[in-house]
Amino acid sequence: MIFFEPAEIEFSFEEEEDEYVADEIRQWASTATASSEWGNPDWAAIQATGAPDTLIDVCEDAVTAWASAGSDTVEWIELGYDTPVIPTEINIIQTHSPDQVVQVEVIDTQGGYHTVYTGAPENLWEQCPYTLAIPIEVDYEVNALKITIDQSVIDPTWNEIDAVELVGHSAGADISESLSETGTTEGVLWRAGGERGTEDGQIGGVDGMYATADGMVYIADETFGVRVLDATDGALIRLIDHEDLWQPTDVQVAPDGNIYVGDWGANQVFGFSPDGVLLYQFGEDGNGPGQFGIFSPVALAISPDGEIYVLDDNETDAEIDFTRVQVFSADGTYLREFRIDEEYSGTEEMDFGPDGNLYILDWLDDIILKYASEGTLLGSLGEEALSWTGPQDIAIDDAGNFYVAVWTPDSVIKLDSDGNIVAQFGVDVEDGENPWPEGEFYSISGVAVTPDGSRVFASDWSSYYAYITAFEFR
């Protein structure tokens, strides 16, 4: 094991690109799980993802940072990153009661844990907000971190972590040469959205999407519920909400027109009638049949015969992580389940193809997994096309073409039924603090396609703005 002493640095969130070496990659976490959390979504583990948003002059108890359930306990948080790198530095931004970090482990792409830092709890209130900078010298790729804090030693209170930056360089693999760094904005049909917020007329964080043949687009909005838009012009048709909806993350429409919403904040699936009346509500926190993990349901898919497939990230009573797909009847009755192979640890979105098979997107391995409806793994596709793209969402048209929202560069790529690139739409934009032009994406999150493939929809957002873009491939 390699151990380093803590180092203090002057940390800037607005460094110029020319200060970095040519192949250096700097990234914030995109996923997070923790041993416990004070609340959800406030103080949840997910608050440690993304760039720092608790930009304050002194330490304070802020809902936009991760805090554990206890204030005198030993806790941990694991963070995942979209691009595997050979790491050179880790920066842990702490905004309350630093520094109680006692161990940092990097997790290689094979799932192995390696300790790169150990330390003793300190009381550094006067240096808040505080960044623990850890230099690293290893020769393997890393795509996740585990940070352990010991709050049992220092009085007064709990440690809070706002963001964690992973710095490193590529081992030599580049984005697929078939993907363009510049992309195209040709084909935009309309764009809806604008400034994010909680007021009428504003939009929240947008995620999972679904488009129907009768000209409607459904968007999971983490703040307002489910937005139903007219596919022809983006006009709001209705807003589907319920007092128990807490953090909608995905939405699907069944063959009978009923609307199903996965909500990880409530650990439930909600079923609504086409006009928004609540019909079904099922699920709870736990790891048994019909229960969901702390950040689940992750995603939904509905089979041609109307069964509800729910992707569930969970852990055993012994705190061993596992991922499964649970299958329910239309009214929420638990039917069966199957496990996702342990080697695929980045599954996050899924959809049924016209062949009746279930296709699950693995963002960590940059592939599409093909499962029979009963759970048999039939193979994978898109390995070359999706390599190093950070895929985020998937949709499939009736011809079997795949539409994948990717982060590197932010765009939507179209693959044929064999997983080969057919087309790409979108231009990557770096400034999320100001509105960006149509056809550009800041942080793409969802994708949907009409059954005939004629119209595609993508959602993207920053801390300040959120948009839904309709376009066609030309």
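Where does glycine 197 lie? Select it: glycine 197 sits in the loop that runs between strand E11 (188-195) and strand E12 (206-211). Strands (E, at least two residues) and helices (H or I, at least four) are DSSP runs numbered from the N terminus.

This is a predicted model, in which local features need pLDDT of at least 70 and side-chain atom pairs count only at pLDDT 80 or more, while totals for chains, interfaces and linings use all residues. Residues are numbered from 1 along each chain as its sequence is written, and side-chain values use heavy atoms, with hydrogens and water left out.

**Around glycine 197**

Keep glycine 197 selected and show its contacts, a contact being heavy atoms within 4.5 Å. Not counting residues up to four places away in sequence, glycine 197 touches Gln202, Ile203, Gly204, Thr223 and Phe224.

**The whole protein**

Zoom out and colour by secondary structure. The protein has one helix and 36 strands. Its radius of gyration is 22 Å, close to the 23 Å that the globule rule gives for 474 residues, so the protein is as compact as a globular protein of that length. That radius is taken over C-alpha atoms, and the rule is 2.2 Å times the number of residues to the power 0.38. The C-alpha trace spans about 60 × 45 × 45 Å along its principal axes.

Of the 474 residues, 57% are buried. Buried means under 20% relative accessible area, exposed means over 50%, and partly exposed is in between (1.4 Å probe, protein chains only). Among contacts with a separation of 6 or more, 59% are between residues 24 or more positions apart.

Switch to a surface view. The accessible surface comes to about 19,300 Å², and carbon and sulfur atoms hold 45% of that. Areas come from the Shrake-Rupley method with a 1.4 Å probe; for residues, only the protein chains shown count as cover.

Next, colour by charge. There are 13 positive and 95 negative charges, and their mean positions are 11 Å apart. Lys and Arg count as positive and Asp and Glu as negative, with His and the chain ends not counted. Each charge is placed at NZ of Lys, CZ of Arg, CG of Asp or CD of Glu.

**Aromatic pairs**

Show the rings of Phe, Tyr and Trp (for Trp, the six-membered ring), which pair if their centres lie within 6.5 Å; planes under 30 degrees apart count as stacked, over 60 as edge-to-face and the rest as tilted. The whole structure holds 18 aromatic pairs. For one of them, select tyrosine 309 and phenylalanine 352: the ring centres are 4.9 Å apart and the planes are at 80 degrees, so this pair is edge-to-face. Tyrosine 309 lies in strand E21 (residues 308-315) and phenylalanine 352 in strand E24 (residues 347-352), so the pair ties together parts 43 residues apart in sequence. Tyrosine 309 is buried at 1% relative accessible area, and phenylalanine 352 is buried at 8%.

Then select Tyr403, Phe425, Phe441, Phe471 and Phe473, which ring pairs link into a cluster. Leaving aside neighbours within four places in sequence, glycine 453 is in contact with Asp397 and Tyr403. The C-alpha atom of glycine 453 is 8.1 Å from that of asparagine 401, 52 residues apart along the chain.

**Backbone stops**

Most residues other than glycine have a negative phi, and most peptide bonds are trans.

- Asparagine 40 and proline 41: a cis peptide bond joins them, with omega about 10 degrees. Proline 41 is in the loop between strand E3 (31-34) and strand E4 (66-67).
- Threonine 408 to proline 409: this peptide bond is cis, with omega near -10 degrees. Proline 409 is in the loop between strand E29 (402-407) and strand E30 (410-415).
- Glutamate 319: phi is positive, near 65 degrees. Glutamate 319 lies in the loop between E21 and strand E22 (321-328), and is exposed at 52% relative accessible area.
- Aspartate 366: phi is positive, near 55 degrees. Aspartate 366 lies in the loop between strand E25 (358-362) and strand E26 (367-371), and counts as buried at 9% relative accessibility.
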